[in-house]
Amino acid sequence: MIRIGHNPNTNMLPMFFFLQKDHPLLEAVTAEPTGHNAMLADGRIDMAPISAFSYGEHWKEYAILPNLSVSTKGRVGSILIFSKVPLKDLHGLTVALTDTSATSVNLTKILLHHFNEVVPNYLTMSANLQEMFAKADAALLIGDAAIQAALLHPDCYIYDLGEEWLKYTGCSMTYAVWAFPKKLLTERKQEIQAIYQLLLEAKAKALCHIENIIETCQAMLGGTQDFWRDYFTQFNYGLDHSFVLGLNKYLDLCFEQNLLSSRPVLEFWPKE
Ligand SMILES: C=C(O[C@@H]1C=C(C(=O)O)C=C[C@H]1O)C(=O)O
């Protein structure tokens, strides 16, 4: 039995919609990314789509499943900074960070400190734009919370972090990777391999039946079918060479900005 992290956000539906969650080999544990990051680190789950940043913290212990990720080249649509002032004017002001993210929280710091030369103060808060704006000048939201806040058309600047990252680096951005502790390979290699196959099959099926996913998203959060169709054209759920380049660029910058204590090396299993 492999306990896997199930992320309930719409951006992960292409991974989970057709995954047989009652399969005898798997148990699904639902949480936001930071929940899975913590659960994988302390052994409460065996595998999850964790924040790419969390892989960077644990790269010596974890392996990444090839050809799986949550990535975009440019716009994401659901990793957004809502700001009362332009990004360049945030120096010395307060930015509220959602407590559900690790990758985007550190991407925010890289974009502000390294590329915009502004250093604000940070607050970590639960994802609620109104409450964040009561205490801060800008707010980072991810996933469905970001989509819901944007659909209300708040009267503020909105920055898409995938777009900002592309503007400054020319690279794609990988937000999540599927990782597991390498030590599981000594006794549970076959189970991991079997779950990996299920994940690849679930993803392949979803990409052929994206209309089912679009209808589900509309039922969950509203918005038009065109909105959701456009949302999913941004995403790439694979991890080919060009996405690996962007992921390495992000992890290298995290290390150079002292957000990570060592420079991560990506290790994949199964090896290709
Ligand atoms: C694309 C998204 O990516 C998510 C962002 C994450 C993070 O910032 O740590 C982690 C997992 C991803 O699924 C999103 O939430 O919109």
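I looked up the domains of the protein chain and found domain 1 (2–71 + 174–256) and domain 2 (79–169); such bounds come from an automatic or database domain assignment. I note that residues are numbered from 1 along each chain as its sequence is written. I also note that this is a predicted model, in which local features need pLDDT of at least 70, side-chain atom pairs count only at pLDDT 80 or more, and totals for chains, interfaces and linings use all residues.

I took the centres over C-alpha atoms and got 23 Å between domain 1 and domain 2.

I then checked contacts (C-beta atoms, placed from the backbone, within 7 Å). On this count 20 residues of domain 1 are in contact with 17 residues of domain 2. On the side of domain 1 that touches domain 2, helix 2 (33–41), helix 3 (52–58), strand 10 and helix 11 (241–256) each supply at least two residues. Helices (H or I, at least four residues) and strands (E, at least two) are DSSP runs, numbered from the N terminus. Helix 11 gives the largest share of that side, four residues.

Next I went to the ligand. I find 19 residues around it, the closest being Ser51, Ser78, Ser101, Ser104 and Gly143; a residue is near if its C-beta atom, placed from the backbone, lies within 6 Å. Strand 3 (48–51), helix 4 (103–116) and strand 10 (173–181) are the elements that give two or more residues to this shell.

Which domains does the shell around the ligand draw from? I find at least three residues from each of domain 1 and domain 2.

Conventions
Two residues are in contact if their C-beta atoms, placed from the backbone, lie within 7 Å.
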